[in-house]
Amino acid sequence: MIVLTISESDIELISDIPSYITFSTSIPATTYYTLDGSTPSVDSLIAVGKVYMPTNSRGITVKALAISSTDVSPIITAEYKTNFEDYN
């Protein structure tokens, strides 16, 4: 089974939301992701290097899936919400 993990940058452009995230896999695989909470598929965005987080939202739900030629990871989810009161 592919193990897919998310790492967060220490930099925050909006309080409690990392500037970017990166994905890593236990074996070579392509990582597909969404930032709107929808289920990722082979038609989703492909993660290459840093994935910069949008700055126009109070919250972001990341979902990701890794696929190799022989295996598929479980879908992982990470939620980020700002606690900044005056954010529109």
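**Exercise 1: A residue and its contacts**

Leaving out residues up to four places away in sequence, Thr31 touches Leu4, Phe23, Thr25, Leu45, Ile46, Ala47, Ala64, Leu65 and Ala66, where contact means heavy atoms within 4.5 Å. The model is predicted: local features need pLDDT of at least 70 and side-chain atom pairs count only at pLDDT 80 or more, while totals for chains, interfaces and linings use all residues. Residues are numbered from 1 along each chain as its sequence is written, and side-chain values use heavy atoms, with hydrogens and water left out.

Task: Find where Thr31 is, and decide whether Thr31 is buried or exposed.

Solution. 
- Step 1: Thr31 is part of strand S5 (residues 30-34); helices (H or I, at least four residues) and strands (E, at least two) are DSSP runs numbered from the N terminus.
- Step 2: Buried means under 20% relative accessible area, exposed over 50%, and partly exposed in between (1.4 Å probe, protein chains only).
- Step 3: The relative accessible area of Thr31 is 6%, so Thr31 is buried.

**Exercise 2: The whole chain**

Task: Describe the pattern of the protein chain and compare its radius of gyration with that of a compact globule.

Solution. 
- Step 1: Count the elements: the protein chain has 0 helices and 9 strands, giving β-β-β-β-β-β-β-β-β along the sequence.
- Step 2: The radius of gyration is taken over C-alpha atoms, and the globule rule is 2.2 Å times the number of residues to the power 0.38.
- Step 3: For 88 residues a compact globule would come near 12 Å, and the 13 Å of the protein chain agrees with this.
- Step 4: Along the principal axes, the C-alpha atoms fill a box of roughly 45 × 25 × 15 Å.
- Step 5: Of the 88 residues, 34% count as buried.

**Exercise 3: The core**

Task: Which residues have the most contacts inside the largest nonpolar core?

Solution. 
- Step 1: A nonpolar core is a set of buried Ala, Val, Leu, Ile, Met, Phe, Trp, Tyr and Cys residues joined through side-chain atoms within 4.5 Å.
- Step 2: The largest one has 16 residues, and Ile21, Phe23, Met53, Val62 and Tyr80 have the most contacts inside it.
- Step 3: Strand S4 (20-25), S8 and S9 each supply at least two residues of this core, with the largest share, 4 residues, coming from S8.
- Step 4: Beyond four places in sequence, the residues touched by Ile21 include Met53, Val62 and Tyr80.
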